[in-house]
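Please look over the sequence and the model shown here.

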Amino acid sequence: MDKRSLYFIFALGLVMLLPSCGKGPHVRRLQQISRISESDPDSALTLLAHSREAKDHWGKYGRMYYNLVLLKAQNKADTVFRSDSLATVTVDYFRYHGSASERVLAYYLLGRSHDDMGDAPRALRDYYDAIEQADTTSEDCYNTLMGVYGQMAMIFHRQDLPQDEIWALRHYLACVKRQGNQVDYEIEKGQLTRPYYLLGKEDTVLQIIHDVKRNLDKLGAGRAAANLLPSAIFILPSAAIWLRQSN
């Protein structure tokens, strides 16, 4: 039996052992499945499938929370959303119920649905709605906001709106920084090269590349720094010569 199968059996056993309590009969189990989806969305989707029929007998909150966790797991599994119907129903409920983190997540997933469907304006509207719902004292909100700002940055980049992309990336980086992993933070800072290149600010692009490489080297993440350079040099070929001169 491979490691993936063993993990799934462990996860299933853990979920089944959890007591059913909270706002709905299976909320605690769904919360555990939601946590599992962060690292293993496929197993989370399998666990959710076991409750698909039973959920029809749950209360309204339980059914809507099931939808929320299902959409989250599908998004984590890189599902391409072809419809916004389930996400719309879920947002309609959490707009007036549940916690701030649930509302932020619901709007974010609606935005992901609209983005996959090629409707960038509606996706951006959903992402702005998600931001408005956020509780800045909640880590769960910040975790979702990191995805919100990251997706907004990609839309702005596709639409050739570098100033808006910089705005989104700076908020995204603030969320990444809260995670406490300095290496990840430095790597993600490299994304700022894209909008500044579009603005024709080559000196700023070079400075970002230099700062990120220097900081990653100091953190003992030389391999990560090396992986960053090829894409940076592709953006600006003169970066290779400049980096050799500045080291």
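Predicted model: local features only at pLDDT ≥ 70, side-chain atom pairs only at ≥ 80, totals over all residues.

Residues are numbered from 1 along each chain as its sequence is written, and side-chain values use heavy atoms, with hydrogens and water left out. The protein chain has 14 helices and zero strands; helices (H or I, at least four residues) and strands (E, at least two) are DSSP runs, numbered from the N terminus.

**Whole chain**

- Along the sequence, the pattern of the protein chain reads α-α-α-α-α-α-α-α-α-α-α-α-α-α.
- The protein chain has 247 residues, of which 45% count as buried. Buried means under 20% relative accessible area, exposed means over 50%, and partly exposed lies in between (1.4 Å probe, protein chains only).
- Take the contacts in the protein chain between residues at least 6 apart in sequence: 57% of them join residues at least 24 apart. Contact means heavy atoms within 4.5 Å.

**Helix 2 with helix 4**

- Helix 2 (residues 27–39) packs against helix 4 (residues 60–76) at an angle of about 10 degrees, and their axes are 9 Å apart. Axes are lines fitted to C-alpha atoms, for helices over the stretch in contact, and angles run from 0 to 180 degrees between N-to-C directions.
- This angle makes helix 2 roughly parallel to helix 4. Angles under 35 degrees count as roughly parallel, over 145 as roughly antiparallel, 65 to 115 as roughly perpendicular and the rest as oblique.
- The contact of helix 2 with helix 4 has eight nonpolar, four polar and three charged residues. In this scheme Ala, Val, Leu, Ile, Met, Phe, Trp, Tyr, Cys and Pro count as nonpolar, Asp, Glu, Lys and Arg as charged, and the others, Gly among them, as polar.
- Residues of helix 2 in this contact include Leu 30 and Ile 33, and those of helix 4 include Tyr 65 and Val 69.

- The axes of helix 6 and helix 7 cross at roughly 170 degrees and come within 8 Å.
- Helix 6 and helix 7 are therefore roughly antiparallel to each other.
- The contact of helix 6 with helix 7 divides into eight nonpolar, three polar and six charged residues. Among them are Arg 103 and Tyr 107 in helix 6, and Asp 126 and Tyr 127 in helix 7.
- Helix 6 (residues 100–116) also packs with helix 8 (residues 139–158), at an angle of about 25 degrees and with axes 9 Å apart.
- That angle makes helix 6 roughly parallel to helix 8.
- The crossing of helix 6 and helix 8 is left-handed: the near helix is turned anticlockwise from the far one by less than a right angle, whereas clockwise would be right-handed.
- By class, helix 6 and helix 8 meet through eight nonpolar, four polar and four charged residues. Among them are Leu 105 in helix 6 and Ile 155 in helix 8.

**Residues in helices**

- Thr 90 is in helix 5 and is buried, with a relative accessible area of 1%.
- Not counting residues up to four places away in sequence, Thr 90 touches Met 64, Asn 67, Leu 68, Leu 71 and Ala 106.
- A polar atom of the Thr 90 side chain lies 2.8 Å from the backbone oxygen of Leu 86.
- Ala 120 belongs to helix 7 (residues 120–133) and is buried at 13% relative accessible area.
- Apart from neighbours within four places in sequence, Ala 120 is in contact with Ile 155 and Gln 159. The C-alpha atoms of Ala 120 and Ile 155 are 6.9 Å apart, although these residues are 35 apart in sequence.
- Gln 207 sits in helix 12 (residues 202–218) and counts as partly exposed, at 37% relative accessibility.

**Residues in loops**

- Most residues other than glycine have a negative phi.
- Asp 78, in the loop between helix 4 and helix 5 (85–94), has a positive phi near 65 degrees. Asp 78 is exposed, with a relative accessible area of 66%.
- Asp 160, in the loop between helix 8 and helix 9 (162–178), has a positive phi of about 55 degrees.

Definitions and conventions:
Polar contact = N/O pair within 3.5 Å; in protein donor to acceptor, adjacent residues only side chain to side chain.
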